[in-house]
Number of protein chains: 2
Amino acid sequence: MFKFKLIHQDKKTAARRGEIQTNHGMIETPAFVAVGTAASVKSLTPEEISQTGTQIFFVNTLHLHLRPGEKIIKKLGGIHQFMNWQGPIISDSGGFQVFSLAREEKVKLVRITGDGVEFRSPWDGKKDFLTPKKSIAIQKDLGADIILCLDDCTPYPVSYQQAKISLERTHYWAEKSLEAYKKLKSRQALYGIIQGSVFKDLRIASAKFITSLPFAGIAIGGVSVGESKEEMRKVLNWVVPLLPKEKPRHLLGVGEIDDIFALIKAGVDTFDCVMPTRLGRMGHILIKAQNSKLKAQNFTYDITKAKFAADRKPLDPDCDCYVCKNFSRAYVNHLFRGRELLAYRLATYHNLYFINRLLKKIRQAIKEENLEKIEKEWLD
Amino acid sequence: MFKFKLIHQDKKTAARRGEIQTNHGMIETPAFVAVGTAASVKSLTPEEISQTGTQIFFVNTLHLHLRPGEKIIKKLGGIHQFMNWQGPIISDSGGFQVFSLAREEKVKLVRITGDGVEFRSPWDGKKDFLTPKKSIAIQKDLGADIILCLDDCTPYPVSYQQAKISLERTHYWAEKSLEAYKKLKSRQALYGIIQGSVFKDLRIASAKFITSLPFAGIAIGGVSVGESKEEMRKVLNWVVPLLPKEKPRHLLGVGEIDDIFALIKAGVDTFDCVMPTRLGRMGHILIKAQNSKLKAQNFTYDITKAKFAADRKPLDPDCDCYVCKNFSRAYVNHLFRGRELLAYRLATYHNLYFINRLLKKIRQAIKEENLEKIEKEWLD
């Protein structure tokens, strides 16, 4: 079962309040999608993921394919049972991860062909070939609620000609993915992905093409691989107006605080970002910015700094999360300085809670037609 | 407030069931004392520490003195408030840690004199001098419920002559500690420490000397620095019969499963050991041994082995802890192989729960006069 219900359309912007119904429960949108790469939202238990207000998170197909392998996860009852999370999960296609792990030299890319991506496993050096069909098959074994087509995530910067070739590949793979999906009789919700880099006509062509296919939802890719925030906004303004109102829209890999207002106002329903979790593990704590310095630091401050060593205040005095109710900055500072495992948990928990609480306020604001008021309060 | 109440004396052995009342609640004895070195039982929240059945844990004075410093902890309301744990806490004197960190080359030992230990801070290279008086003062600032005298933990192996000199120092420092304790009007429970290595007359002399002083409790040290289990048992048999019944007895640094029965039968009330937490973080999972191989491995198995990659069973099929009720060996194996932070949490949680559940059974068995039955069930 997969259904998108539009609850309220903002009058002044394209922002919308909706609900995505899945086999593992409902997602109130707009929603932040956390990242749980290898079937773990790093450092947290499923109960804590839920307590932070997280409704859904990403798992990365390539990581799980390489370890422990989709067959083991299938044997153990699928990804939900494997990690004991009974809420919605989305998996990516594995494509983006092949490219990004190749950049980090964790995966050796062999070649990209019209059919797929050839690479070597970082664990045993064995050659592996990821195709649209194989990605769908792996994702079926994993069993996430929402799955993605294999796409060719166009690098940036890129020439128009290269972007066009890359987009054609993405479109071909979208059709191949749908074919495989139908053949496997998967009951997951398959999202198509719009690419086209920063070129208006390519983006429009891609939006038209992807929406012409019977996908359950639409993802927008290729705006988080080096493009500016301005370019991201432009892309959304070209693309989103062309999308059907009745399908949910996901923006891939974007979610800093100032992006959030822009993408929601452009009509995006869900978006994922590693920021709250990854920055949290580095000691960067989300807090509502009271000054331009904090804004420039993407609403985070570095709790590991010596000046917090005796600070009795909670991480965020305005936050009512478990961490802020129970621990001081001094203690979290101490834990980070000693590289105590609890440090990463506490920061991750607070950051996820923080961003989900903001999303909750935004959902409320959309219903009450005062989204711009809350945006002003946060960004001005 | 500090009070030891003897609830039941076993008829066949020296084992006893008791209660230690502290300002932060009661400890049912015999009790396992977990280790929370730098004001964190590694990876766990205070709520989880409590859920594992842990009643009390150690913090290490040297670690906290070096970072964040006792003055910061005092300013923040003491160790309980600092880490938000409202149960009993015990701190060591810092002496043992200076020696053991020096062995690991994390601290540079300068010299040991009659007055104390001189060393250099690993953080800023500054010289520092730990004396009985200073240790008591630091421990007062930290504010644990139970504190220890600075002692000279005799290395092993050692000559009789060296052990004797070392013991004299321990005894001198015990008197100095008491002096400082009285002067500072500390309301913590100060334990004296019995040393004497593996020499019967030294151990007996130490037991007599330490029990002649007005300590709230008696700790037995120097049986975990290289001595065999047989030697540990001998020491206990020499020493414990000389201890007053009305004071609690703590054994320092011992707690493997087979030790537990021996030390409890010898009349020890509390004992600390890093085993469940440290081994847990390495992927060694405590389980009731069904065969001699597991017994030889101290009742642990290595969950990181490939053979557990698709094992649906919980870590310990007989365990009802949160981890065993919610996750498979396959998932924990996967988390360890990916070095996911959640792995360390789950293993630590289970191991602490496991050992505390055993202690609960032992406490019950003492009351019911069938300690030997449960020992047989576990060790035979």
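At what angle do helix H14 and helix H15 of chain B pack, and how far apart are their axes? The legends below take this up in a predicted model.

**View 1. Helices H14 and H15 of chain B packed together.** Two packed helices are described by the angle between their axes and the distance between the axes. Here H14 (residues 329–337) and H15 (residues 341–367) of chain B meet at an angle of about 130°, and their axes lie 7 Å apart. H14(B) is therefore oblique to H15(B).

**View 2. The residues that join H14(B) to H15(B).** From H14(B) come Val332(B), Leu335(B) and Phe336(B), while H15(B) brings Leu342(B), Ala343(B), Leu346(B) and Ala347(B). Sorted by class, this contact holds seven nonpolar residues, with no polar and no charged ones. The crossing of H14(B) past H15(B) is left-handed.

**View 3. Where chain A touches chain B.** On the side of chain A, helices H3 (70–75), H4 (79–83), H14 (329–337) and H15 (341–367) each supply two or more residues. H14(A) has the largest share, with five residues. By class, this side of chain A counts 17 nonpolar, eight polar and six charged residues.

**View 4. The axis that relates chains A and B.** Turning chain A by 180°, with a shift of 0.0 Å along the axis, superposes it on chain B with an RMSD of 0.0 Å. This is therefore the relation of a two-fold axis. Within chain A, Leu341(A) has the C-alpha nearest the axis, 3.7 Å from it. Both copies use the same surface, as 100% of the contact residues of chain A recur in chain B.

Conventions
Residues numbered from 1 in each chain as written. Chains lettered and ligands numbered in written order. Predicted model: local features only at pLDDT ≥ 70, side-chain atom pairs only at ≥ 80, totals over all residues. Axes fitted to C-alpha atoms, helices over the stretch in contact; angles between N-to-C directions. Helix = DSSP H or I, 4+ residues; strand = E, 2+ residues; numbered from the N terminus. Parallel < 35°, antiparallel > 145°, perpendicular 65-115°, else oblique. Left-handed = near helix turned anticlockwise from the far one by under 90°. Contact = placed C-beta atoms within 7 Å. Nonpolar A, V, L, I, M, F, W, Y, C, P; charged D, E, K, R; others polar. Least-squares fit on C-alpha atoms with pLDDT ≥ 70 in both.
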